[in-house]
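The following exercises are to be worked with the sequence and the structure at hand. Each task is followed by a stepwise solution.

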Amino acid sequence: MKRTIIPFGPQHPVLPEPIVLDLILMDEKVMDAIPTIGYIHRGLEMMVERVEYTEMGFVVERICGICSFMHGMGYCVSLESIMNVEVPERARWLRLIWAEISRIQSHLLWLGLGADAFGFENLFMHCWRMREQILDIFEKTTGGRIIHSVNRIGGVKRDISDSELAAILAQLQELGAAFGETARVFETDPSIRHRLSGVGVLTTEDARAVDAVGPMARASGIAIDTRLSGAHLYDRVDFEPMVESAGDCLARVLVRLREVDQSIDIIRQAIERMPKGDGQAIETRVRGVPDGEVFTRLEQPRGEVIYYVKANGTRFLERFRARTPTFANIPAMIKLVKGSQLADVPNIILTIDPCISCTER
Amino acid sequence: MDRAAFLARVEEYHRAGWRLALINVTTVLSTEADMPGVFEIAWAFARGGGFETIREQIEPGATVPSISEFFGAAFLYENEIRELFGINVTGIGVDLKGQLYKTATRVPFSHAAVKARLEATRAAAVKHS
Amino acid sequence: MANPFRLPMVPRALRNLVSRPATRRYPTEVRPHFAGTRGAIEFDVDSCVFCMLCARRCPAVAITCSREDRFWAIDQLTCIACGVCVEVCNKNSLSMSVASRRVHTRTEVSPDGRRPGREEWSKPVPAAPTAPVVATPGGRAAEAG
């Protein structure tokens, strides 16, 4: 029995962003894991001292490239709460549609990375090829593939016409049909099942004890989803949180697979239920300075994100805090890694969907 | 702050099945020139659609008890507030000993550091472009 | 060894063998941009009145503007293509093209002190008008004053 310490990271083929876990091993089994983060800490929360509240939205949406839209939306929604701004309904529907498209894009990215992590590169390329279509939709409607810059305090900057929305829906439904084939690969391929089934099991009690959020918790049988609170027009669409009970890596893959189809369905409902007609107002003009504080909760692809904004009546905010879902899932990750085999560690770390840029801001 | 009362409230949230959502600190500078200001700490708990916070105001240098015995996931937040704000949190479950973030300035959100940066950026903003 | 006829990826793999690649042969084939793509900033110095609103609102502090010197400059490599300057300009001097910013291969400052990607404009103050020519009753022009 030999005790070794292996640093996992900061560069590892499986990690989209750098994080270090010092793994303390006894032979091949992990006894403990000590995290060190800070490789991508840019001090973005400190920027509130330098950037006025009107432009801080652009800084916030650049916290992370994968979750970019929801960061911008969360910031604008928080400021709108503080300043009591009434956002036009069409703008709120557009935000919901863009947020769900962002969720599809993020899950496709993660499914590709997950496939790459256990060596299935063909599937990885296939998922990312489908993701390219989503990024083209973003570029057509917002002007940018990753950073969208459409959210403003008071609404959105660009409208999508009804005909364009119908075209986007048709394209997404076609994508959903093509994605069905890929989903079947994830669900039935024997090599994937062999690598993921029974690996990294997080029981329901453990998931509650470490306060897991998002697909991590839903794969362990806890039906939490911030969208159920009904805020931001989610009470006008019908959906159920996708829950699996096995709690292993395969369950987490299945939850994210099903959420892609669920998001396409939510977009279809949103396009049906939103007010029709071109030329509607999409932005309310905002004047003055904010004063007050608010907590805003949204459901990002990785789980519950909490934005805390405190303003003190000047053009500079006093505090901005984004508690991202990966930050809440790191204790779950450490708990999972302890007791597993070394060869399973990359898979396990990837299944929490680590977005370290969000964690460290 | 009243440690016993605070820990009792935290225990109640834990027993009722609430989840720890966030521990947030805001550095509030004082309006008087010589006073250092306070830290506002908010412990946020969530259960389903409910969201409640415990708020405390503490002086710089005061100690804050860790809630790791009830909420194991608190260690990450508490290490962070110790490193970024300089608040002395006692009894953290997993103590990372100041190695969590590697910032260029230690304790970047202490009152002195925030005040110094605000003065520098105000001076620069006046002569913008 | 799993039965290859029951592996779900096999039909896809076989189709990939006979179909076109999904990648483009860049730089021979360039992906066309869409109509609303956010790209480089373009500036029309003739309509600018140097109100400095764009410089004040730029989140990346990429624009330098001076009313007294009638000078406007943008650091294209610092610009984040958010479009706020285009939105706030009252004189429509700024527009956003769909083309991406030019690629620069050097990062060092050039000998005359300019950073790569920096574009500058100056609008000189128009010269004072010369005295007008006035016709005398005798039909011959003579200078007035």
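Two residues are in contact if their C-beta atoms, placed from the backbone, lie within 7 Å. The model is predicted: local features need pLDDT of at least 70, side-chain atom pairs count only at pLDDT 80 or more, and totals for chains, interfaces and linings use all residues. Residues are numbered from 1 along each chain as its sequence is written, while chains are lettered from A and ligands numbered from 1 in the order in which they are written.

**Exercise 1.** Describe the fold and contacts of chain C.

Step 1. Chain C contains three helices and seven strands, where helices (H or I, at least four residues) and strands (E, at least two) are DSSP runs numbered from the N terminus.

Step 2. Their order along the sequence is α-β-α-β-β-α-β-β-β-β.

Step 3. Of the contacts in chain C with a separation of 6 or more, 61% join residues 24 or more positions apart.

**Exercise 2.** Determine how helices α4 and α5 of chain A are oriented.

Step 1. The axes of α4(A) (residues 121-142) and α5(A) (residues 162-188) come within 11 Å and cross at roughly 170 degrees; axes are lines fitted to C-alpha atoms over the stretch in contact, with angles from 0 to 180 degrees between N-to-C directions.

Step 2. The helices α4(A) and α5(A) are therefore roughly antiparallel, a term for angles over 145 degrees.

Step 3. Residues of α4(A) that meet α5(A) include Leu123(A) and Met130(A).

**Exercise 3.** Characterise the contact between chains A and B.

Step 1. In this contact, 26 residues of chain A touch 22 residues of chain B.

Step 2. Among the elements of chain A that each supply at least two residues to this side are β6 (291-300) and α10 (325-337).

Definitions and conventions: Parallel < 35°, antiparallel > 145°, perpendicular 65-115°, else oblique.
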